[in-house]
Amino acid sequence: MRRILFLAPILLLVLVLAGFGVGLRRDPSILPSQLIGKPLPAFSLPPLSPDRAGLATTDLAGEPVLLNVFASWCVACRVEHPTLMRLKAEGVNIAGLDWKDEPADGAGWLGQNGDPYARTGNDRTGRAGIDMGVSGVPETFVVDRRGRVRYRQVGPITPEVWAETIAPLMAKLRAES
Amino acid sequence: MLAEVGQFALILAFVISLVQAAVPLVGAHRGDPVLMALGRAAALLQAWFVATAFVCLAASYVACDFSVALVAQHSNTAQPLPYRIAATWGSHEGSMLLWVLILAIYGGAVARFGGTLRESLQARVLGVQGLIGAMFLGFILFTSNPFLRLSPAPLEGTELNPLLQDPGLVSHPPLLYLGYVGFSVAFAFAVAALIEGRVDAAWARWVRPWVLAAWIPLTAGITLGSLWAYYELGWGGWWFWDPVENASLMPWLLGTALLHSALVLERRGALVSWTILLAILTFSLSLIGTFLVRSGILTSVHSFAVDPERGVYILGIIAATTGAALALYAWRAPALRTGALFAPVSREGGITLNNLVLVVLAATVFFGTFSPVFIEILRGDKISVGPPYYARTFAPLAVPLLALVVLGPMANWKRDRLDAIVRRVRIPAAIAGAALLIALLAGGWRTLVAVAGLGLAAWLVAGAVAIPVRRWWAGRAYLGRSIRTTPPAIFGLALAHAGLGLLTLGVTGVTAWHQDTVLNMQPGQSVAFAGRTVALQSVEMVQGPNYQARQARFEVKGPTGSYTLIGERRAYASSQTTEAAIHVTPLGNLYISVGDEADGGVVVRMWSHPLIMWIWTGGFLMAFGGLVSLSDRRLRLGVAARAPAPVLVPAAAE
């Protein structure tokens, strides 16, 4: 009986390591979306403040666009933010979805850090996000001219992710008619 | 040329570490003094070669040798010299090199100063250290070589992440690594004891200072990290329960438990196999922390360089070291005889309780940190665990532990009576009660949590002060002499426990009473905030050495007088950082962070953080207490041991 007590630590370790081993093979930032190839679920969200533009599904057609889900309480969004500002400066069309956030907090956040979004919708209850299968922030959907989701990025867009994955895809989508 | 010298030194160090891993273990097994001496020489040589490699890399940074890929990726000529040096460990490869350097220095120290140890024990400790060193040197050489060349060499390098260009970075990672890696010595001692199958007084006397030597920099490093995040990240927070912060907190919790259980082992010869298990687990959690930061298994703000392939390698190292150690533990530990018995109410009993709570706290943090990984595997869901989880699990466990901290040092060894202990703490209890009452009268019932926190802080500080005072009171007939002869360890204990009290004070203040607001300010405008009047005087652009900044100047009139604060929003080549304007007083900080321009003014976010500086004061005081304790002659490394007969010998075969 006493032996078992001394064996417990290594048994636990085996379990933990097995978990890590499996966990490692899943890249936490790649999550296939049910939506790939399908149109975005319809939503129409109010703006963060009266002087800004709100966001509806109909705004996301015509040109390829990045739909970036963020929140003022999200730490990783702050890490992603400079990259988005750079993309905006390069002329990339980005729409923002402020998820589970008070409109004033979201507006304050954009005011303090800079606003990379052409339009921003406030999803205070998180309902629109749930329809899209958002699991956390930040998350980004690449939407094509016809409003269909073509790619989903879970976690921040880093310069590497942009250069290696999203930029080529955006170029391809722009070339599509 | 330098890079090649460094590369060559690293390869030599790897080969030597293989020798160090094998020869002394064989020597100790055969009782061959020549082989054991070879182990000591190997440890010293390994330290020299790793140091050479590290200096070569640092020199490449100083000389701006952009033909070295790592240098080109993390520095440029405009970067100030201190940050070019700090960039040496600002990258993954460089920080792993620092890791190995510290490991090799500790190994060299055991070889150099371990002369009073039993020779076979020293040889086994060095052998285990050599094994760990070989694994990590192999990791560096095969997956993350810092000395790769670029051809053609670029004329100018890119940039170190601007968040890392701060005095905090110069000392924060080395301190943390001193702590993490320091626990490798305790680990090596534990494994050596398991191989030998015996734990004696000399073993216990040796382990405690090493644990302390790791615990001090870890405590200081975590405190510094929290302080750095507070003023550099511009989020106005001091602890975020981020996976990487948790990675440093878990070894700290277990290391603190180990520090206390080693004390029991040293004084009373009890908790033998428990202490060994703690030593193994503490270092394992340090390794898991490294894994977490380097593998990208969890998304974190801190993960500056992640790569799943490296994660697999580190996972292999964890499996090899911890797995082997725990297997050895399962095999050999049952044969270690348990030490002296003690009553539940006694100092040993108190420390056992402290250990249990600390281990459960560490488990709570572990579960919170890694449950996203496991839940995803089991259910396929992605979840994230945030501060609410810790508020519900960590705090309810930590608060009773804090309340019990005062009682432990008041209890006698072996056996004691609860009523006697309570009588000894009546003065601290009265002081805490008075503080509670004053806070209650001032704050009322609505701030009950804050009131309780203030009472707890007063209880901890008064209880800590009571430790030396009680001693002096007992010897009051010869007061001068009894103060002079108080061992430093007593002061260390009192300082560390008082630090915990100050930490409680700070956490309480900032949790209960912090305020914040976001607003758009025009130059000349002034607002009232948290009992102060804040006026924005001017906003202008200024040029720094490698950045441009929008600088805002504030005039603040507060209850403690008027002062000027300057906040900056800095634009570096690749990203932006916020230099918050912070006014620090013992009663509370005013924290202003400047955002982007909007409608001719700037967006300003203000926080009032009452009592927050006591969090870091407390943390540093704890580390200082450890330092004072380490200076105690009785603990000093290498003090000739007039060892009594071994208190513990292997139990006879059952």
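This is a predicted model: local features need pLDDT of at least 70, side-chain atom pairs count only at pLDDT 80 or more; totals for chains, interfaces and linings use all residues.

Colleague: What should the 17 residues of α5 in chain A span, and how far apart are its end C-alpha atoms?

Modeller: Helix α5 of chain A covers residues 159–175. At 1.5 Å a residue, its 17 residues should span 24 Å. That agrees with the distance between its end C-alpha atoms, which is 22 Å.

Colleague: Where is Lys100(A), and is it buried or partly exposed?

Modeller: Lys100(A) is in the loop between β4 (94–99) and α3 (103–113) of chain A. Its phi is positive, about 45°, although it is not a glycine. A buried residue needs 20 or more other C-beta atoms within 10 Å. Lys100(A) has 19, so it counts as partly exposed.

Colleague: Over to chain B: which loop holds Ala530(B), and how many other C-beta atoms lie within 10 Å of it?

Modeller: Look in the loop between β2 (526–529) and β3 (532–543) of chain B. Ala530(B) is another residue other than glycine with a positive phi, near 45°. It is partly exposed, because the number of other C-beta atoms within 10 Å is 18.

Colleague: How compact is chain B for its 654 residues?

Modeller: Its secondary structure comes to 19 helices and 9 strands. The globule rule gives 26 Å for 654 residues, and the radius of gyration of chain B is 26 Å, so chain B is as compact as a globular protein of that length.

Colleague: How far apart do the centres of domain 1 and domain 2 of chain B lie?

Modeller: The domain assignment puts 425–513 and 614–624 in domain 1 of chain B, and 516–611 in domain 2. Going by C-alpha centres, the two lie apart by 35 Å.

Colleague: And how far is Val15(B) from Ala134(B) in space?

Modeller: Val15(B) lies in helix α1 (residues 2–30) of chain B. In sequence, Val15(B) and Ala134(B) are 119 residues apart. In space, C-alpha to C-alpha, the separation is 7.9 Å.

Note on methods: Residues are numbered from 1 along each chain as its sequence is written. Chains are lettered from A and ligands numbered from 1 in the order in which they are written. Helices (H or I, at least four residues) and strands (E, at least two) are DSSP runs, numbered from the N terminus. The expected span of a helix is 1.5 Å times one less than its number of residues. Domain bounds come from an automatic or database domain assignment. The radius of gyration is taken over C-alpha atoms; the globule rule is 2.2 Å times the number of residues to the power 0.38. A residue is buried if 20 or more other C-beta atoms lie within 10 Å of its own, exposed if 12 or fewer, and partly exposed in between; C-beta atoms are placed from the backbone.
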